[in-house]
Amino acid sequence: MNVFIVETDKTGLQKFYKEIIGKFETYAPVEKFGKYDYKKVSKLDECDPDSPIEMTMSVKPLFFPKTAKVMKFREDNTGTTVSETDEDPLTGQRVILGVKHCDARGLQVLDQVYKWDYIDTDYQKRRENTLIISTRCDKAGTQCFCTSLDYDVENSDAHDIRIVNGLDGKIYIQAVTQKGEGFVKENLSQQSAVGSQQSLEEIKKHYQLFEASFRLKMNYSEVNAKLQKLFDSLEFETVSSNCISCNTCAFICPTCHCFKITDEKIKDTGVRYKSYDSCNNGYFTLMAGGHNPRPVKYRRWRQRALHKFVYYKERFGMNLCVGCGHCAISCPVNISIFDVVNQVAKI
Amino acid sequence: MDYSKQIQEIASKLFAENKIDYFVGYKQNSFDDSQVPFLITDPAEIPKLVFTDRSVFNLANYLKPDHTKRKRVGLVVKGCDSRALNLMLTESQVKRENVYIIGICCEGVLNEKGEKAQNCVECVMPDPVVYDEMIGTPTGKREYKVNVDIRELATKALEERADYFESIFENCIRCNACRHSCPLCYCAKCCLDQETSTLYHGANTSSGAMHALMTWSLHLAGRCVDCRNCEKACPSHLPLHLLHKQNESVIYENFQQHLAGMEKDDRGAFYKYSLSDPDDFIL
């Protein structure tokens with residue numbers, strides 16, 4: 001864990017942000033229809049790096065876009081010819097401001113699946129060429145439970161740089177990775193004191209207050225151990241009874257990574273697209289021939305809950321759910337995965 | 001408006017007389033004052049049922065076979081919900097003998113900010129139009145007014161309007177929550193889900209979103225009852241009512257002041273023919 005810390009104040013931070021926006025391709029939460037989504041910004045006034053967690057979409061689409069061109073094709077009487085798309089997978093450097101730490105952790109979790117048996121080069125390029133600046137939440141949202149899971153939120157290295165609003169009125173810019181340290185040294189031109197042991201103490205104090213603000217707390221290891229044996233639990237039917245089988249939870253989840261392939265064709269030329277898909281959707285497991293192993297919603301919810309809390313952990317050693325609460329906030333009928341797993345595990 | 005007691009009593013009676021298999025009502029969320037739809041099969045759960053001005057969902061959505069499996073259902077409906085239910089009955093999606101309808105004379109529900117919701121301010125029919133049992137005092141039909149946002153939008157230049165709608169389609173993530181939350185979107189296989197089709201784009205592009213949302217709103221033209229279930233479901237907070245209210249106002253003006261689901265066996269504006277229909281567009 002890197003301890004390179006710079007102390008500054010509000011205006012210093014604003015200046016730092018402005019310098020970044022001036023120098024790099026920068027993405028930050030931009031408000032539209034009351035929701036914040038990460039968009040390219042050219043001025044600091046356009047965005048709000050301190051956007052409230054409950055109103056902010058996940059940063060996932062910047063790495064795994066909601067839709068991406070896979071290839072182009074052309075059919076004629078000699079057969080089908082396939083060509084590369086003109087899509088740029090991101091070659092330059094970019095910076096993302098105001099990333100929530102749960103979201104950044106989500107990327108670490110996603111990395112596991114993207115470098116597994118097949119390496120997704122587009123995803124990897126986007127990851128390598130992105131620097132993540134995270135703002136630590138001052139207070140937990142109503143549906144947050146990140147501190148209850150299997151990762152260390154306080155010492156997370158999912159982001160490169162962390163901004164902490166200290167209780168003493170100072171703002172701490174802490175470089176967490178080597179990449180982050182280099183970035184701060186290079187780009188923070190203003191005069192600022194290099195932090196000491198005391199600033200580490202302040203960051204810790206801020207964390208303690210943040211940790212105390214959680215409404216939801218879970219005993220993760222107990223939930224994980226119990227769920228492993230509960231595939232046949234009838235409780236899945238109760239917890240999913242008011243689910244309307246839409247795709248919202250998966251599409252806005254920072255770690256859901258299923259996709260579908262569709263073609264858009266005009267006359268004899270077309271493009272093949274890769275877009276989000278969701279296991280809560282009734283067609284997800286529909287096979288050619290008509291068989292559907294998950295035709296009813298409790299089976300789909302069982303898959304979702306167990307994939308998040310059991311299967312992924314078994315395979316990659318990380319819990320797939322990062323506790324951001326996005327799904328519960330956006331769910332049309334307020335189903336929370338926290339309640340689902342707790343109710344099924346009967347804790 | 002708190003009818004929790006009455007609803008609990010009716011639900012207990014229905015379960016005791018073995019008239020229903022499911023009861024669909026509302027339950028209080030534990031962490032704030034919002035509510036969630038609540039499906040029960042066990043009479044022991046009845047004390048959790050509530051109904052207040054926070055009961056925003058259109059529960060007629062749960063009559064789809066996915067949720068209540070075509071069994072006998074006790075259902076709580078407000079004015080707008082009952083209009084949707086009326087259409088579901090007319091369109092043979094539910095058998096009348098399979099639903100026991102508890103109609104609420106609605107005083108309007110609150111939005112997230114705690115103000116009266118816009119569709120409730122503009123509500124034309126707060127009383128249930130179809131019911132087995134009615135709670136509250138009916139206040140009767142109200143005058144139809146064109147939606148305030150539609151009127152405002154109509155004053156803007158075409159380019160400005162186009163940009164505005166473009167931003168809606170750009171922010172759509174195509175999760176289809178709008179469709180799944182609509183009681184009148186009951187097709188077993190939706191045309192927007194045809195993955196091999198080249199007409200309806202499956203890809204998550206903004207042109208695909210435009211195509212999907214426009215098609216969806218046109219399939220609901222003359223049928224939408226303005227319950228705003230879709231808008232409440234949208235994770236991107238898109239103002240989806242604009243699409244429906246525009247259709248509604250055009251239909252109201254041109255189809256003999258037709259409003260969806262107000263009467264029994266009314267199949268909607270596009271299914272009716274009358275000799276007195278205006279024909280001034282024919283040269």
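1. Among contacts in chain B between residues at least 6 apart in sequence, what percentage join residues at least 24 apart? The share is 69%, where two residues are in contact if their C-beta atoms, placed from the backbone, lie within 7 Å. In chain A, residues 24 or more positions apart make up 72% of the contacts with a separation of 6 or more.

2. This is a predicted model, in which local features need pLDDT of at least 70 and side-chain atom pairs count only at pLDDT 80 or more, while totals for chains, interfaces and linings use all residues. Residues are numbered from 1 along each chain as its sequence is written, and chains are lettered from A and ligands numbered from 1 in the order in which they are written.

3. Chain B has ten helices and six strands, and chain A has eleven helices and eleven strands; helices (H or I, at least four residues) and strands (E, at least two) are DSSP runs numbered from the N terminus.

4. The C-alpha atoms of chain B fill a box of roughly 60 × 45 × 40 Å along the principal axes, whereas the C-alpha trace of chain A spans about 65 × 55 × 40 Å.

5. Of the 283 residues of chain B, 42% are buried, and of the 347 residues of chain A, 45% are; buried here requires 20 or more other C-beta atoms, placed from the backbone, within 10 Å of the residue's own.

6. The contact between the chains takes 33 residues from chain B and 31 residues from chain A. On the side of chain B that touches chain A, strand S2 (35-40), helix H6 (158-171), helix H7 (177-181) and helix H9 (229-233) of chain B each give two or more residues, and S2(B) gives the most, with four residues.

How values were computed. Buried ≥ 20, exposed ≤ 12 C-beta atoms within 10 Å, placed from the backbone.
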